[in-house]
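Please look through the structure below with its sequence beside it.

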Amino acid sequence: MKARDTILWVDDGQKLCITLYLIKEMSRPLHRGVSGGGRLSGNIQDYFEDSQMKIKSDKEDLDKSSKTSSGHVSLSLRNPFQFLFSDNSSSKQDSIENGFVLSDLFTPSTLRNRHMLALLLLKLSLVVIVILGLTMSFLWTISLTPASRSPVIRGYRRLQEQLVSDLWDIGELSLGVTRFKDSEFCSLEYEHFVPCFNVTENLELGLTEGKEFDRRCGPMSKQNCLILAPPKYKIPHRWPTGRDVIWIDNVKITAQEVLSSGSLTKRMMMLDEDQISFSFASSMVDDNIEDYSHQIAEMIGLRNESYLVQAGVRTVLDIGCGYGSLGAHLFPKQLLTMCIANYESSGSQVEIALERGLPAIVGSFASKQLPFPSLSFDMIHSAWDGVEWDKKDGIYFIEVDRVLRPGGYFVWTSAFANMPASVRDKENLKNWDFVRNFAKDLCWELLSQQDKTVAWKKPSKKNCYASRRHRSGPLICKEGRDVESPYYHPLEACIGGTRSRRWIPIEERNNWPSRATLSSKELAAYGVLPDDFMEDNINWKSTVGDYWSLLSPLIFSDHPKRPGDEDPIPPDYMVRNVLDMNARFGGFNSALLDARKSVWVMNVVPTSGVNHLPLILDRGFVGVLHDWCEAFPTYPRTYDMVHADGLLSLQTVKQSHCSMLDLFYEIDRLLRPEGWVILRDTTSLIESARAIAHRLKWEARVVEIESNNDEKLLVCQKPLIRSQTNSL
């Protein structure tokens, strides 16, 4: 490793000292400084530098001691089983110097052999214990009569979870104590690492025509290290300031790239020293965004964009969203815009939108369907996105139609739609003719066309498809091909969603915010009982209040309350966004909004669980389907808070093909420095999770749940650790 790469890589002696230091520091209470965001007491990076002189001195003394006795070697601290094989007959004495035990009892080869023998015996013993435990468990299970199984099934499931947790810990022990060392830091090229998106590798495989941007996850797409923040990383501003101003050093775009970019980008951003400003008040682009959104509203028959909610619009999918300016403008108007754009190695649209705290994911539909169920969005917007809409027989329009709700709007801005220019350019005129005719074949109604922008409306009723001319346009998908919630399936060249029980025009749905509460009739379409849905909402309202009361004294621990005082009230903008890793019905999201928290939630439904994502999206929230053994399609340092209720149990019961450590590495990648993690699960799994949290250098606390003795909370905070470079 070159000296300039990073100074955070240390040798074994340093790791011991750093581990002891972190254990000491993690025992201190959380602290929030004036700059915002809870911090660990002390400065880990300063400790790295301050401890090097001490470690060097200790090593020199140790080397001198070793040289004074020929053939004497130090016992390895990595072998905790040496005491099992000590030679009591030896008359030689051990000496202790600088905390290390020095012995002349063993030669290096003998130590190595006995070390390997100890590990081998331990592993064999553990295998025997596991086999006996599983055998007895199986015999006990089959011995139960049908009448006796019912009362004990719940307790048996808890025993299963405990057994799996214990076996996981045993597996870690069997691999040696070195597995419990602190996790290593990634090299500098991982600062903006997005697994599963490798354009260079895809091009080498011969993938072109947009397929190079496809998501491809494999064994090499995981990172088994902690991604450091850039050297000049700063904690983002709180909302609403953070929505309009970001630190330039937090994203992979330089000041020179901003200044040398084209006129469009200059209109979208203003460089102000070490910040990028998107201020609505001063930037010319924001006036343009306001005029543009006003134009869209007029094109669909409304006075302005404030009336979109009354027209049944709540969620918007923005394809190729730029830097999220449209979503930022619509957010205060109760419109939730999800940005989706291709992975970019530098100057990413998605990364900047996320840094602004806006909903966004990395994604491409060059060859695969979008990770959303059919009939998911009230409006879809696309402007200068680089998609070749006139290619592949209109398959991209078919995919837009699939995720668009009945009666929803598709707003498209392209040079093709500029009729005066197209008349002079025969190729553009040909492309526009194709787009216009294909939209008719999809039964879309052309509402309006102004300059380069066109607005269409998807039909509210299905009878139009049957009334089309014979062999005109794409066919209706057959039942086997009309998958409601595809997970990165290949694009389909047929019209989907027509068989869904969720085919309800947006004008017949409740407007926001009433949409978040579903009736018994609506719940029946998702197979959900009204009592279960109501109980979930009630529980989450209580839980959100408990979370905020819990986090308040932790965040404001530098302002201790007087006896008798109530807990300090946290600010409304304590967090901007939350990743809910096991969203179920979206109850956590709903409770946050009911508590008037100005936050949006990315609701994730694991592929290993029951798929309630259509229900979540129909409530007016945003979310995706995801396999948590794969990397989430986003950049590092994306979310202020990560929440997971029951996810560890779900992954355990479903016997996922990844370890708990893999899952925590991914959480660390997604979480912003000084961000929070709240996990709720069984006691045994929470204890295992706490051990991993310490390895990841998080500060972790286990919290008892008064109403539930079987579960606990794990509240963690990720420290801010920046990468550092040395100039040679």
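Cysteine 629 is buried, and cysteine 658 is buried as well. In this predicted model, these two residues form a disulfide, with their sulfur atoms 2.1 Å apart. The angle about the S-S bond is -70°, and the link of cysteine 629 and cysteine 658 is left-handed.

A search of the whole structure finds six disulfides. When the bonded cysteines are counted along the chain, the disulfides follow the pattern 1-4, 2-3, 5-6, 7-8, 9-10, 11-12.

| Disulfide | Sulfur atoms apart | About the S-S bond | Handedness |
|---|---|---|---|
| Cysteine 443 and cysteine 464 | 2.0 Å | -90° | left-handed |
| Cysteine 477 and cysteine 494 | 2.0 Å | 95° | right-handed |
| Cysteine 629 and cysteine 658 | 2.1 Å | -70° | left-handed |

The disulfide of cysteine 443 and cysteine 464 has its sulfur atoms 2.0 Å apart. This pair links distant parts of the chain, 21 residues apart, with cysteine 443 in the loop between α14 (426-441) and β14 (445-450) and cysteine 464 in helix α15 (residues 463-466). Are these two cysteines buried or partly exposed? Cysteine 443 counts as buried because its relative accessibility is 9%, under the cut-off of 20%, whereas cysteine 464, with a relative accessible area of 23%, is partly exposed.

The link of cysteine 477 and cysteine 494 is right-handed, with 95° about the S-S bond. Both cysteine 477 and cysteine 494 lie in the loop between α15 and α16 (520-524), so the pair ties together parts that are 17 residues apart in sequence. Cysteine 477 is buried, with a relative accessible area of 2%, and cysteine 494, at 7% relative accessibility, also counts as buried. Another cysteine, cysteine 716, counts as buried at 1% relative accessibility.

Leucine 124 counts as partly exposed because its relative accessibility is 49%, and exposed would require over 50%.

Methods. Residues numbered from 1 in each chain as written. Predicted model: local features only at pLDDT ≥ 70, side-chain atom pairs only at ≥ 80, totals over all residues. Heavy atoms only, no water. Buried < 20%, exposed > 50% of the residue type's maximum accessible area, 1.4 Å probe, protein only. Disulfide = S-S within 2.5 Å. Helix = DSSP H or I, 4+ residues; strand = E, 2+ residues; numbered from the N terminus.
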